Amino acid sequence: MRSSSIVVAAALAGLGLTLPLAAPTAHASGPGGPIMPVSEVKPGMKGYGLTVFRGTEPERFDVEVIDVLTRFRPNQDLILVKTSHPRLEVARVVAGMSGSPVYLDGKMVGAYAYGWQFPSEAVAGVTPIQSMLDELARPLPPMLGPTPLPSVRASAAAREPDTQRYAGDVGAYDLRSHARQLAQASPALAGGRAVPASTPLLLGGCSDGTLRLARDLFEPLGLDPVQGGGAGTGAIDASARYVDGGAIGVQMVSGDMSAMGTGTVTRVQGNRLVAFGHPMMNGGVSALPTAVARVVWVMATQSRSFKMAESVRPLGALVNDRPTAIVVDDRAKAPTFPVEVHIEGVDGAPHPDWSFRVAHDKFMGPSFVSMAIGNAFDTTTSERRDVTWHARTAITVRGHGTVTVDDVGVSVGGTPDVQDWAHARAVRAVGALLNNPWEDVVVEKVDARISVRFARDMVHLRGAEVLADVVDAGQPARVRLHLVPWAGREETLDVEVPLPPELAGREVEIELAPGWAEAPELPTPDRLDDLLANLPRGAYEPDTLVASIRLPEQGVAFRGHVASRLPPGAFDALRPAHDSRAPEPFVSYLRTSLPLHRLLDGKDRVRLRVRPVLH
Amino acid sequence: MTRRPSFAVATALAVSTFGLAAHAVGTRAFDLGTLDDLSGGELVATSVDSLGRVRAGLSLGTVSLGDPSSVWSALPLADGSVLLGTGNDGKIVQVRGAQASIAGETGQLAVTSLTLGWGGAVYAGTMPKGRIVKLEGGKVTTFVDLPETDHVWALVFDAKAQALYAATGPQGKLWRIDRAGAAQVYYDADEPHLVSLVAGPGGALYAGSSGKALLYKITGPGRASVVYDFPGEEVRALAVGPHDTLFAVSNEYGEPPEIPRRPAATALGNAGPVTAARPKAGKGTLTRFDADGRPERLLRREDTHFSALGVGDDGRPYVGTAHEGRVYTVDDAHTSSVVADTDERQVGAIVLAGAHKLIATSDPAVFHEVRGTGGASAVWTSKPLDAGLRAHFGRLSWRSTGDVELSTRTGNTLTPDTTWSDWSAALTAPGVVASPAGRFVQVRARFARDPAAVVSQVLLPFVTDNLRPVVTSVDAAPKGAAVPSRDALPPSGGELAAHTSVLRVSWKVDNADADPLRYRLAYRLDGQAQWRDLTRPDEVVTKTEYEWETATLPEGRYRVRVEASDDGANPPDRAERHALESGAVLVDNTPPSFARLATQGRHVLAEVHDGLGPIARVDVAFDGRTEWHPFLPKDGVFDEAIEALDLDVSTLVSAGAHLVAVRAFDQAGNAVVREIELK
């Protein structure tokens with residue numbers, strides 16, 4: 001069934017009709033020619049538009065005004081036009097042509113920005129140019145050298161609300177929740193059905209699973225992930241510049257995988273330009289790498305046609321993402337960070353090392369870290385066999401050193417779904433760091449080393465029993481674990497759990513749990529260093545069993561410190577009544593980590609009594 | 001404050017914890033005579049002892065320590081400054097004069113102990129990483145990280161043995177550390193924590209534990225004996241007194257409030273306000289051990305545990321409380337005194353011997369230099385005393401030695417504010433209070449003129465406004481029966497209460513000023529205007545119930561009037577009264593009668609008559625048994641004084657002859673029984 005909802009910005013052009021134009025470049029400063037206000041646009045007026053149907057040169061396509069829709073969006077009209085071009089006779093509305101400038105009477109009137117799904121005719125909506133130029137004139141944080149890093153270096157005065165930041169406790173950072181927050185915060189996309197403008201996000205070097213994850217994460221934001229290939233092999237034309245009607249890409253990841261949001265330049269003014277005619281993610285002040293793009297082909301489909309493109313020359317950065325346009329500055333250089341993935345244990349794998357560069361962005365950063373690691377793992381280890389894996393990911397933060405986090409897993413019958421990586425500790429750590437509320441960080445590198453065994457190397461804790469239900473004070477508790485491997489007979493393993501002498505005379509309950517599921521007591525972070533200190537300690541060694549005994553004493557956690565097993569007087573003294581910025585109390589547990597050398601599944605608890613001993 | 005014999009006062013409005021004593025009709029008094037009475041207010045450079053005496057106390061300076069929230073330890077230095085070990089950022093604060101500055105940052109949570117060690121360097125015990133740091137030349141360096149140790153609770157430097165001893169937890173170890181920082185376990189207790197440590201007489205070390213509150217005497221490596229097993233959980237502090245005595249502070253905490261298990265994600269979340277429940281204050285005990293180790297309990301507080309201990313130049317122990325930030329001392333006669341009352345919650349350290357005397361407090365962290373005794377600012381102020389109602393105050397009296405000035409102020413809010421009166425002109429001798437009438441009053445004594453003055457037995461008489469008592473309800477029911485509920489239907493069926501001619505009249509009264517009341521009762525037959533006294537003129541009824549014998553009264557419906565009066569506690573021109581009459585009260589002492597009783601087949605036919613009615617119940621029993629079976633009248637409802645009944649007993653008895661007992665009750669419970677033979 002065809003949907004009546006509006007989709008991707010589109011533009012039309014005549015197939016095979018190449019009309020080289022003397023379009024201004026980013027360096028050719030100037031007003032960019034006259035513009036026509038919406039008030040002068042009348043039904044029946046005819047003109048043309050500019051877009052790239054193939055290669056890098058813009059071509060003309062014809063335009064006839066149907067009418068003007070007033071207040072199509074808040075304070076924004078929309079010009080409804082018919083377009084004609086031999087290629088658009090087939091493609092009708094094309095995602096990726098967002099931003100194609102439209103001229104009437106030789107004056108720029110706006111940019112193609114909106115279309116409808118399953119179109120039967122080539123009709124599109126044009127965002128008035130004045131609305132876009134208003135965004136171009138909007139002040140931005142001061143440029144500092146070649147890298148604006150607006151989210152990093154903005155002065156307090158110029159800083160705008162950080163619309164990309166994850167709203168919530170950094171410890172609870174979740175990539176999918178972050179994506180939902182951004183989707184809900186986007187006025188252009190809210191409600192979805194009304195005006196779902198989208199930008200084709202061309203993914204190259206991706207497995208099917210990676211593409212599914214990309215769709216989950218980016219479609220709610222108005223991006224339209226499509227398998228596009230063309231990771232960008234380098235500068236085909238090193239002299240390429242941005243021109244009105246030229247193709248532009250927002251490059252969010254490059255290297256062994258690429259992801260590029262594709263659109264069209266509307267108008268170049270000096271070193272800046274406006275494009276798209278609608279937002280990319282409505283993220284406000286941003287810092288995403290951009291590139292001059294080359295259109296390989298306009299893919300025509302019934303539901304939505306799109307431009308297949310690749311970058312030919314990285315140039316500038318997207319510095320502002322607004323409801324009517326994106327703003328790009330060709331002097332700016334958006335930060336990226338490298339992601340290296342090394343996979344061990346896959347004999348004969350032709351490509352165990354993967355290398356990416358990911359946009360240093362609060363949302364794109366963790367998104368593409370998850371996709372990069374997942375894609376590398378999925379591609380390298382793709383087998384219909386059980387897989388046990390252990391990923392140790394080192395995250396280097398400028399000025400703060402390197403933190404390492406562990407992810408483990410067992411996948412039955414094949415490689416784990418790439419989407420599982422969205423919840424990986426490594427991804428959550430990158431997200432937590434980039435979205436931390438205390439200070440801006442520069443992630444310098446993410447290095448994931450994944451060891452793989454093609455086995456279901458896990459045992460299930462069938463049960464546990466104490467070998468003696470009364471133990472003399474000072475002696476350890478002896479616990480027999482009943483472990484069930486995937487294949488084979490049930491095993492037993494006797495372990496000793498030390499018991500502190502003060503438990504004499506008490507009933508004791510020992511909780512048994514896998515190390516990967518248990519975390520030591522950690523202080524709630526008050527600053528970035530606290531968070532960095534906590535990240536590697538989010539769990540015990542994954543191949544251990546952790547025995548936890550609740551103690552009568554209590555403890556506190558505060559500003560990077562954990563003080564457990566406190567005497568009551570000290571506990572009282574540490575907790576001021578006059579100040580709610582006080583240490584957090586917690587119940588003290590004595591936790592003992594016992595090596596199992598295998599992953600464990602399941603929990604249990606046993607009870608015993610500690611008998612006082614008279615010396 | 002003593003409670004004088006007479007009527008007890010506990011007005012609905014009064015919330016004062018003080019008892020109020022009555023001297024004469026309507027006159028009561030605040031009588032401040034105990035330590036708790038006198039120390040309930042504010043003590044500025046004044047002291048209150050357990051004999052009810054107020055005198056000049058420690059005069060304290062105040063230096064706020066800023067960021068730290070707690071003080072754990074104090075160390076006076078030879079240069080006149082004082083080092084304070086603080087939490088919760090592990091800073092060592094130096095106070096010099098009125099200036100506090102950071103002398104060192106340990107990077108730990110708290111600096112729990114400070115001592116001078118080798119070469120005059122300062123050694124600080126910290127938590128929670130079991131680290132001892134050295135502060136020398138303004139620089140903090142790690143001296144030793146004690147293995148298997150989280151918390152260093154106390155340090156003692158033994159210059160003779162050239163050793164630093166550290167009492168620690170949670171393994172309950174006492175460490176001996178040499179100058180190079182090499183640590184050896186000196187004693188390993190079964191307790192989780194050794195929280196206090198002192199070098200005692202004869203070279204022994206004394207350590208107090210947390211867990212079972214044991215006091216250890218440690219005479220050598222691995223050699224220890226338990227000197228005393230205190231009740232409670234903790235021996236918080238130890239100090240050596242004169243004549244080889246040892247003072248020990250022990251605390252009882254009870255079970256702490258349950259703390260919910262902290263989710264792991266909390267550790268990565270954003271910090272926010274902490275509002276978890278706080279444990280209640282514990283109970284503190286100060287015990288003295290003589291040179292032979294014999295214990296003697298000197299002081300106990302049920303309202304707070306103790307958090308600090310020091311011995312003064314006078315050889316007396318001074319203990320700091322963990323609640324309301326007070327410092328107590330006690331003498332050999334067990335007379336205890338509050339010598340300092342700070343605005344902070346806890347006392348963290350006390351140094352009252354030597355050249356530099358101080359009290360350091362926590363929550364918030366404040367340094368109080370002890371400037372001397374008394375002074376111009378020495379003022380004792382009582383807590384706001386609540387008269388319950390607006391009161392006129394009489395002659396303020398006290399006993400004193402030396403010159404003191406007393407004054408008062410009054411108001412109508414529990415907490416003094418701008419609506420209160422100004423302090424009255426000072427009285428140098430007992431005199432009439434000049435403050436205006438008010439519900440609350442405070443008394444203040446200044447000791448500026450005579451630092452040696454002593455005040456005791458402060459007495460402030462007052463008379464409150466007299467409020468009218470109001471009788472809010474009057475009920476009557478047969479004695480032994482419950483007063484029927486006004487809000488619910490009476491029970492359906494069931495046995496009736498046995499008849500009694502005694503009615504219990506009860507009433508409720510709203511007596512806002514709680515003065516003694518006397519009640520007078522009267523009755524009248526419903527429909528008549530004449531009230532007749534139920535109580536005799538000389539009969540004084542003070543309870544809110546009265547038993548009324550109605551056997552001699554004509555039957556009928558009556559009303560009872562209850563009058564409440566406070567004329568027994570107020571002069572005639574101030575006495576107030578109020579009366580309220582009851583609803584109709586049935587007086588019926590005559591049982592109903594059977595006008596007809598006959599059988600017809602297996603039916604018993606009856607007609608029952610009563611004087612006032614209505615008939616309330618008719619039931620039957622057979623053949624002398626006591627199992628009664630109720631029946632309804634012919635018209636289905638017992639609602640009249642004459643009821644006809646047709647009792648079909650065919651389902652209750654077998655064929656043949658039976659003796660049937662038929663019983664009838666009226667509304668007042670009067671009953672009649674007749675028998676008839678069923679053939």
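Visitor: In this predicted model, how far apart do the C-alpha centres of domain 3 of chain B and domain 4 of chain B lie?

Guide: Chain B is divided into four domains, among them domain 3, spanning 470-587, and domain 4, spanning 593-678. The C-alpha centres of domain 3 of chain B and domain 4 of chain B are separated by 35 Å.

Visitor: How many residues of domain 4 of chain B are in contact with domain 3 of chain B, and how many residues on the domain 3 side are nonpolar?

Guide: Domain 3 of chain B contributes eight residues to this contact, and they meet 11 residues of domain 4 of chain B. On the side of domain 3 of chain B that touches domain 4 of chain B, there are two polar residues and one charged residue, and the nonpolar ones number five.

Visitor: Turning to chain A, is Leu203(A) buried or exposed?

Guide: Leu203(A) belongs to strand β9 of chain A, which covers residues 199-204. Because 27 other C-beta atoms are found within 10 Å, and 20 or more are enough for that class, Leu203(A) is buried.

Visitor: What is the C-alpha to C-alpha distance between Leu203(A) and Ser258(A)?

Guide: Apart from neighbours within four places in sequence, the residues in contact with Leu203(A) include Leu211(A), Pro225(A), Val226(A) and Ala259(A). Ser258(A) is 55 residues away from Leu203(A) in sequence, yet the separation in space, from C-alpha to C-alpha, is 5.5 Å.

Visitor: Are helix α5(A) and helix α6(A) roughly parallel or roughly antiparallel?

Guide: Helix α5 of chain A, residues 208-218, packs with helix α6 of chain A, residues 364-381, at an angle of about 165°, and their axes are 9 Å apart. Since angles over 145 degrees fall in that class, α5(A) and α6(A) are roughly antiparallel.

Visitor: What is the handedness of the crossing of α5(A) and α6(A), and how many polar residues does their contact have?

Guide: The crossing of α5(A) and α6(A) is right-handed. Residues making the contact include Leu213(A) and Leu217(A) of α5(A), together with Met371(A) and Asp378(A) of α6(A). By class, the contact of α5(A) with α6(A) has four nonpolar residues and one charged residue, while the polar residues number six.

Visitor: Where in chain A is Ser311(A) placed, and is Ser311(A) buried or exposed?

Guide: Ser311(A) is part of strand β15 of chain A, which runs over residues 305-322. Because Ser311(A) has 30 C-beta neighbours inside 10 Å, Ser311(A) counts as buried.

Definitions and conventions:
Residues are numbered from 1 along each chain as its sequence is written. Chains are lettered from A and ligands numbered from 1 in the order in which they are written. This is a predicted model: local features need pLDDT of at least 70, side-chain atom pairs count only at pLDDT 80 or more; totals for chains, interfaces and linings use all residues. Domain bounds come from an automatic or database domain assignment. Two residues are in contact if their C-beta atoms, placed from the backbone, lie within 7 Å. Ala, Val, Leu, Ile, Met, Phe, Trp, Tyr, Cys and Pro count as nonpolar, Asp, Glu, Lys and Arg as charged, and the others, Gly among them, as polar. Helices (H or I, at least four residues) and strands (E, at least two) are DSSP runs, numbered from the N terminus. A residue is buried if 20 or more other C-beta atoms lie within 10 Å of its own, exposed if 12 or fewer, and partly exposed in between; C-beta atoms are placed from the backbone. Axes are lines fitted to C-alpha atoms, for helices over the stretch in contact, and angles run from 0 to 180 degrees between N-to-C directions. Angles under 35 degrees count as roughly parallel, over 145 as roughly antiparallel, 65 to 115 as roughly perpendicular and the rest as oblique. A crossing is left-handed if the near helix is turned anticlockwise from the far one by less than a right angle, and right-handed if clockwise.
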